[in-house]
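Have the structure open while you read.

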Amino acid sequence: MNDWFAPGNTTISSAALNDRNDGLLDASEPAPYEVHRGAAAAPQLVVCDHAARRIPQALNHLGLAPEHRASHIAQDIGAGNLALALSERLNATAVLCNYSRLVVDCNRALTDQSAFLDVSDAIEVPGNRALSAQAKELRATAIYRPYHGAIDRELERLRSLAAAPALIAIHSFTRYLDGHERRWDCGVLWDLDGRIARPLLDGLRQSGTLLVGDNQPYSGRHPEDFTVDHHAEQRRFPYAAIEVRQDHLGTAAAVERMADRLHGVLQPILDDPQLYTLRP
């Protein structure tokens, strides 16, 4: 299955359809992003940069074998479904990218080499070898800019509800990467603003059944990160990025359990009206 979402769960907005770039995406292919619960009135936005493993037909699978296109190098397995489930529980809007991180990584600056990986977890990506500036721009125009434009539009809409809407970014990680084991069950990533991250860390650790990383297995302070930095940190909006190990998201039931767990800790944090102010 090439989709992260269940049919009927998402809304294709007119903006998403207008954002389609026929230079790369065929008319039969999905728009670059999906907006879920687009009219939701909660002052939070859930985003998922790596929700899908889809590759535009014009790119001929990037030369990858089927097992690699279905693996963690192509998407954050389970993250899209978790973002949707959390969006439902929070009654919040979600924006999810519809195409693989291997086409263009929407959590990187376009000037970053890792935005167009030609090797990922020791797997070569032939279709990304020696990409020209024109080829990179085509992907950015078709997918990257429309996705980030959708996030901007939703945050601007939510500013009518709160001076500083909250951004919740959902990711997942594989237990083993480059030969190293990452034992954390989940992690919370943050940098300058801990208003959501600190109580979220405390709450997730409280039961003692999860090994929760503080800026692990990745760091919110790493300069490669883009989405949270660009859309929330620079605007001084409250935020947190949540990483969940992929073996905790392997089934629909597992996704629901993790969504319940995250929601149980997040909701009281997000219920505080004092949260929705600009970081000093």
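Helices (H or I, at least four residues) and strands (E, at least two) are DSSP runs, numbered from the N terminus. This is a predicted model, where local features need pLDDT of at least 70 and side-chain atom pairs count only at pLDDT 80 or more, while totals for chains, interfaces and linings use all residues. Residues are numbered from 1 along each chain as its sequence is written, and side-chain values use heavy atoms, leaving out hydrogens and water.

## Helix H3

Let's start with H3, which covers residues 79-90. Its twelve residues reach 16 Å from first C-alpha to last, close to the 16 Å expected at 1.5 Å a residue (the expected span is 1.5 Å times one less than the number of residues). Just after H3, Asn91 takes a positive phi of about 55°.

Nine of the twelve residues are buried, so H3 is largely enclosed by the rest of the structure. (Buried means under 20% relative accessible area, exposed over 50%, partly exposed in between, with a 1.4 Å probe and protein chains only.) Among the buried ones are Gly80, Leu82, Leu86 and Leu90. They pack against S1, S2, S3, S6, S11 and helix H7 (252-270).

## Across to H7

Ala259 sits in H7 and, at 0% relative accessibility, counts as buried. Leaving aside residues up to four places away in sequence, Ala259 touches Leu82, Ala85, Leu86 and Arg89, with contact meaning heavy atoms within 4.5 Å.

## The sheet

Now for the strands: seven of them form an open sheet with mixed pairing, in the order S1-S3-S2-S6-S11-S9-S10. (Two strands pair if DSSP finds at least two bridges between them.) S1 (33-36) and S10 (212-214) are at the edges with a single partner strand each, so one side of each has no neighbour in the sheet. On average, neighbouring strands are turned by 20° against each other, direction ignored.

S2 (residues 44-48) and S3 (residues 93-97) run parallel, paired over four bridges. In that pairing, Cys48 has Leu96 in S3 as its bridge partner.

## The cysteines

How many disulfides does the structure hold? The count is zero, taking a disulfide as a pair of cysteine sulfur atoms within 2.5 Å. For Cys48, the closest cysteine sulfur is in Cys97, 8.8 Å away and too far for a bond. For Cys186, the closest is in Cys48, at 16 Å, again too far. Cys48 is buried, with a relative accessible area of 0%, and Cys186 is buried at 1%.

Conventions
Axes are lines fitted to C-alpha atoms, for helices over the stretch in contact, and angles run from 0 to 180 degrees between N-to-C directions.
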